Amino acid sequence: MRTAKATAAALVAVPLALGGMAQQARAASPSPSGTFGPGCPAVSQKIDTVKDKVTEAAAAYPQLSQLVSAAVRARLNGTLDSKSHITVFAPSDQAFQKVTASQLTSLLKNQGQLKKVLTYHVVDKQITPDELSHGSFTTVEGSKLTTSGSGTDFKVNGKASIVCGNIKAANATIYVVDAVLQPPSS
């Protein structure tokens, strides 16, 4: 009788223990080590990670043409290329399409505001995928930006999804996002 109870207890304990280990495995899903995300074309083949600074690297990604154009208009391309070890949360062309035409026109006409919005997308430190799960970073603009998520599913400020991440350039790591981030009002 005692053996039967011990066997029954073991049969119950093993699945419970395995279930607990499965919970831990899901909670600790590993971060990607290379480029990740549903919006990643073969970017890494177009970028020379030794030579291409962030502006040239972004220009190699067709879905970042509006960002590159806006950076040039704001006269930020030289500034961004001269910095080392930065992270850019780069809004895609689709992200710019989500901004109303009047807001975009107004933003592009106001160089100071454009510079403020664009520098809010830049962090003066290279952020690894491991740091994205519960990140809080000060941007070059001066405000805080947060990241959350796990595996290959990350959000910036709880709204913008990272659609292609961990793109390496000579001086930067680029995470393509599906929304134009707005700095908090001053």
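Visitor: In the hairpin of β4 and β5, which residue takes a positive phi?
Guide: Gly-151 does, with phi near 60°. Two residues sit between the strands of that hairpin. Strands (E, at least two residues) and helices (H or I, at least four residues) are DSSP runs, numbered from the N terminus.

Visitor: Where does all this come from?
Guide: This is a predicted model: local features need pLDDT of at least 70, side-chain atom pairs count only at pLDDT 80 or more, and totals for chains, interfaces and linings use all residues. Residues are numbered from 1 along each chain as its sequence is written, and side-chain values use heavy atoms, leaving out hydrogens and water.

Visitor: How many bridges pair β4 and β5?
Guide: Four, in the antiparallel sense. Two strands pair if DSSP finds at least two bridges between them. Ser-148 has Lys-155 in β5 as its bridge partner.

Visitor: And how many bridges join β3 to β4?
Guide: Five. Strand β3 (residues 134-138) and strand β4 (residues 144-150) run antiparallel. Gly-135 is bridged to Thr-147 in β4. These two strands also form a hairpin, with five residues between them. In its turn, Gly-142 has a positive phi of about 115°.

Visitor: Which residue has a positive phi although it is not a glycine?
Guide: Asn-157, at about 55°. Most residues other than glycine have a negative phi. Asn-157 is in the loop between β5 and β6 (160-168).

Visitor: New topic, rings. How many aromatic pairs are there?
Guide: First the rule. Rings of Phe, Tyr and Trp (its six-membered ring) pair if their centres lie within 6.5 Å; planes under 30 degrees apart are stacked, over 60 edge-to-face, and the rest tilted. That gives three aromatic pairs. One of them is Phe-36 with Phe-154, edge-to-face, 5.8 Å centre to centre with 65° between the planes.

Visitor: What sort of pair do Phe-36 and Tyr-175 form?
Guide: A tilted one, 6.4 Å centre to centre, with 55° between the planes. Tyr-175 is buried, at 0% relative accessibility. Ring pairs link Phe-36, Phe-89, Phe-154 and Tyr-175 into a cluster.

Visitor: Which residues are buried in helix α7?
Guide: Leu-114, Val-117, Leu-118 and Thr-119, in a helix that covers residues 111-119. The buried residues of α7 pack against α3 (65-73), α6 (101-109) and β2 (122-123).

Visitor: And where is His-121?
Guide: In the loop between α7 and β2. His-121 is buried, with a relative accessible area of 2%. Leaving aside neighbours within four places in sequence, the contacts of His-121 (heavy atoms within 4.5 Å) include Phe-89, Pro-91 and Leu-181.

Notes. Buried means under 20% relative accessible area, exposed over 50%, partly exposed in between (1.4 Å probe, protein chains only).
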